[in-house]
Amino acid sequence: MEMMGTTICAVRRNGKIAIAGDGQITMGQSVILKGTAKKVKRIFDDKVVIGFAGSVSDAISLSEKFEKMLQKYSGNLMRSAVELAELWRDDKLPRKLEAMMLVADKENLLIVSGSGEVIDPDGDACAIGSGGNYALAAARAMVKETDLSAKEIAYKALVIASELCVFTNNNIIVEEV
């Protein structure tokens with residue numbers, strides 16, 4: 001049975017990027033397996049923050065592959081993401097991973113998929129996962145209409161998503177670069 005259910009939201013504001021994620025892991029459509037999973041973390045000597053969503057094993061695999069690329073390319077976020085995507089395009093990976101990540105360093109914010117896409121999102125907010133659209137709408141409104149920090153907006157967007165999406169809880173972790 002596939003395990004998933006999460007929301008990850010990233011916000012860029014005033015030279016900072018914050019990524020927030022909830023802690024819920026869901027099995028199927030009706031069972032919460034865990035409410036305190038950590039799906040946002042710092043990697044590469046705390047210089048990069050990632051948040052992942054999707055099938056648990058695929059999300060972990062995707063994040064590990066990305067971290068290896070960061071090591072290989074000395075922390076160059078964009079190059080690491082593109083080189084990871086090329087593994088799928090060159091058929092060097094046997095299957096597509098049912099997962100997505102938001103990755104950020106001080107200059108860049110990217111969406112990376114387990115099927116080989118790398119997207120530089122429009123605007124100052126992006127989100128993935130089951131409650132991603134709720135969090136994205138909330139974050140975009142707050143970016144436009146408030147003076148809140150990136151960290152505050154990312155957190156509040158996750159709170160709003162947790163109130164609307166049954167696959168998202170309010171056990172929220174936020175990391176900022």
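## Strand β3 and its partners

In this predicted model, A18 has E176 of strand β12 as its bridge partner. Strand β12, which covers residues 173-176, runs antiparallel to β3, and four bridges join the two.

Strand β3 also pairs with strand β2 (residues 7-13), again in the antiparallel sense, and this pairing extends over six bridges. Here R13 stands opposite K16 of β3. The hairpin formed by β2 and β3 has two residues between the strands, and N14 takes a positive phi near 50 degrees in that hairpin.

## How covered is β3?

Strand β3 consists of residues 16-21, and five of its six residues are buried, so that the strand as a whole is mostly covered. As a general point, the side chains of a regular strand alternate between the two faces of the sheet.

## Helices α3 and α4

Helix α3 (residues 132-145) and helix α4 (residues 150-164) have axes that come within 8 Å of each other and cross at roughly 140 degrees. Because of this angle, α3 counts as oblique to α4, and the crossing in which α3 passes α4 is right-handed.

On the side of α3, the contact is made by Y134, A135, A138, A139, M142 and V143, while α4 contributes I153, K156, A157, I160, A161 and L164. Sorted by class, the contact of α3 with α4 has 11 nonpolar residues, one charged residue and no polar residues.

Methods. Residues are numbered from 1 along each chain as its sequence is written. This is a predicted model: local features need pLDDT of at least 70, side-chain atom pairs count only at pLDDT 80 or more; totals for chains, interfaces and linings use all residues. Side-chain values use heavy atoms; hydrogens and water are left out. Axes are lines fitted to C-alpha atoms, for helices over the stretch in contact, and angles run from 0 to 180 degrees between N-to-C directions. Angles under 35 degrees count as roughly parallel, over 145 as roughly antiparallel, 65 to 115 as roughly perpendicular and the rest as oblique. A crossing is left-handed if the near helix is turned anticlockwise from the far one by less than a right angle, and right-handed if clockwise. Contact means heavy atoms within 4.5 Å. Ala, Val, Leu, Ile, Met, Phe, Trp, Tyr, Cys and Pro count as nonpolar, Asp, Glu, Lys and Arg as charged, and the others, Gly among them, as polar. Buried means under 20% relative accessible area, exposed over 50%, partly exposed in between (1.4 Å probe, protein chains only). Two strands pair if DSSP finds at least two bridges between them.
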